[in-house]
Amino acid sequence: MPSTSIESICLLRLSALGDVTHVVPLVRTLQARYPEARLAWVIGKLEHKLVGDLPGVEFVVVDKSRRLSDAKALRETLQGRRFDVLLQMQVALRANLLSTLVPAERRVGYDRARAKDLHGLVINQRIEPGRGQHVLDAIASFGTAIGAPRLEAPVWDIPISEADHAFAESVLPGDQPTLLLSPCSSHALRNWHTKGYAALAGHAAERGYRILLCGGRSALERNVGDAIIAATRAPVIDLIGKDTLKQLLALMQRASIVATPDSGPMHMANAVGTRVLGLHAASNPHRSGPYSDRRFCVDRYPEAARKFLRRDAERLPWGKKIEFPGVMDLIDETDVIEAFERHLATPA
């Protein structure tokens with residue numbers, strides 16, 4: 001099928017928040033290259049709350065907590081439809097199985113090196129191999145594969161309502177610089193220790209920053225937040241469990257810098273153009289760090305590779321996670337404070 005005849009495209013990427021954020025520039029590319037094409041996106045319920053109001057996209061929401069009924073719901077939603085192209089951008093077994101319910105002539109998936117869990121059986125075209133790619137670049141390759149080369153620079157423009165902007169302004173009024181702490185990843189072994197966050201908060205406060213603490217509604221995030229507040233000498237605005245994803249996006253846009261491990265909030269902050277002080281030891285920032293600017297990240301991934309895997313990082317499979325107890329302790333408080341000072345010394 002010539003690429004110029006593409007009239008309908010289905011994207012399948014259910015999760016997680018960070019990866020879904022990486023898909024948004026691809027959506028913008030497809031809209032620019034095929035402005036008349038109908039776009040549908042099969043997405044998870046939580047992730048839909050973040051990007052579900054992107055204009056020009058039909059969202060097909062899958063509730064991942066309902067493992068049996070989600071397939072039935074997807075089949076019923078897509079009954080009688082057929083797409084010119086499916087972009088199958090998730091290699092997990094469940095996503096591969098759900099993709100079989102999307103009728104499409106061209107079924108584009110990952111190259112052989114990145115395919116797993118029967119991925120090769122549900123596609124009939126592969127993107128180009130990409131050793132050493134950031135996750136966002138890999139996702140952009142799906143557009144290139146169907147004749148939609150990426151735009152000169154990634155475009156997000158995730159909608160934020162006036163009400164969400166007003167909420168953020170009420171929490172962070174005026175123009176005082178703000179350090180936003182988002183201390184928890186959904187992968188607990190990627191989390192740094194609370195003592196370090198407390199030290200960073202205290203240092204930033206001494207430098208004239210106000211401190212905003214954000215997180216979800218889990219018991220872990222509440223406990224981590226309480227420990228940071230108890231350990232720091234800085235006054236803290238505590239919003240853990242009190243905001244929505246859209247409100248968080250608006251708060252990040254008003255913040256000066258966001259400190260976080262490898263997590264969805266890292267990529268949300270990057271998407272709104274806010275600097276990220278990323279904490280990396282369990283994961284490689286060159287693959288999964290903040291895409292636009294990694295100058296303020298702490299990178300102890302090479303040390304983690306040598307200590308826990310007895311190998312140089314360059315010899316590991318690309319994307320290898322080093323999620324061992326204690327791996328994040330390789331990041332020292334002075335590393336993070338030095339990264340914060342680089343931020344202060346770098347003009348906006």
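Predicted model: local features only at pLDDT ≥ 70, side-chain atom pairs only at ≥ 80, totals over all residues.

The paragraphs below go through these topics one after another.

A pair of aromatic rings is described by the distance of the centres and the angle of the planes. Counted in this way, the model holds five aromatic pairs. In one of them, formed by Tyr110 and Phe142, the ring centres are 5.0 Å apart and the planes stand at 85°, so the arrangement is edge-to-face, given that angles over 60 degrees are assigned to that class. Because Tyr110 belongs to the loop between strand 5 (104-109) and strand 6 (125-126) while Phe142 belongs to helix 5 (residues 135-145), the pair ties together parts that are 32 residues apart in sequence. Both Tyr110 and Phe142 are buried.

Tyr209 and Phe340 make another edge-to-face pair, with 5.1 Å from centre to centre and 75° between the planes. Here Tyr209 sits in the loop between helix 7 (194-206) and strand 8 (210-213), and Phe340 sits in helix 13 (residues 333-345), so this contact ties together parts that are 131 residues apart in sequence. Tyr209 has a relative accessible area of 10% and is therefore buried, since the limit for that class is under 20%. Phe340, with a relative accessible area of 0%, is buried by that criterion.

From the rings we turn to the space inside the protein. Rolling a probe the size of a water molecule over the atoms shows where empty space is left. Two or more lining residues come from each of helix 1 (17-33) and helix 5, and helix 1 makes the greatest contribution, with four residues.

On the surface, Leu93, Leu97, Leu118 and Leu121 form a nonpolar patch, whose accessible area amounts to about 410 Å² together. Of these residues, Leu97 lies in helix 4 (residues 93-99), and its relative accessibility of 48% makes it partly exposed, because that class covers the values between the limits of 20% and 50%. Leu118, by contrast in location, is found in the loop between strand 5 and strand 6.

That loop also deserves attention for its backbone and its contacts. Leu118 has a positive phi, near 70°, although it is a residue other than glycine, and Asp117, which is not a glycine either, has a positive phi of about 55°. Asp117 is placed in the loop between strand 5 and strand 6 and is partly exposed, at a relative accessible area of 39%. Val122 is likewise in the loop between strand 5 and strand 6, yet Val122 is buried, with a relative accessible area of 10%. The C-alpha atom of Val122 is separated by 8.6 Å from that of Gln88, a residue 34 positions away along the chain.

Ala16 lies in the loop between strand 1 (8-12) and helix 1, and helix 1 is the element that gives the most residues to the lining of the largest cavity.

Note on methods
Residues numbered from 1 in each chain as written. Heavy atoms only, no water. Phe/Tyr/Trp six-rings, centres within 6.5 Å; stacked < 30°, edge-to-face > 60°. Buried < 20%, exposed > 50% of the residue type's maximum accessible area, 1.4 Å probe, protein only. Patch = residues over 30% accessible without salt bridge, like charges linked within 9 Å, V, L, I, M, F, W, Y side chains within 5 Å. Areas by Shrake-Rupley, 256 points an atom, 1.4 Å probe, with all protein chains shown as cover. Salt bridge = Lys/Arg side-chain N within 4 Å of Asp/Glu carboxyl O.
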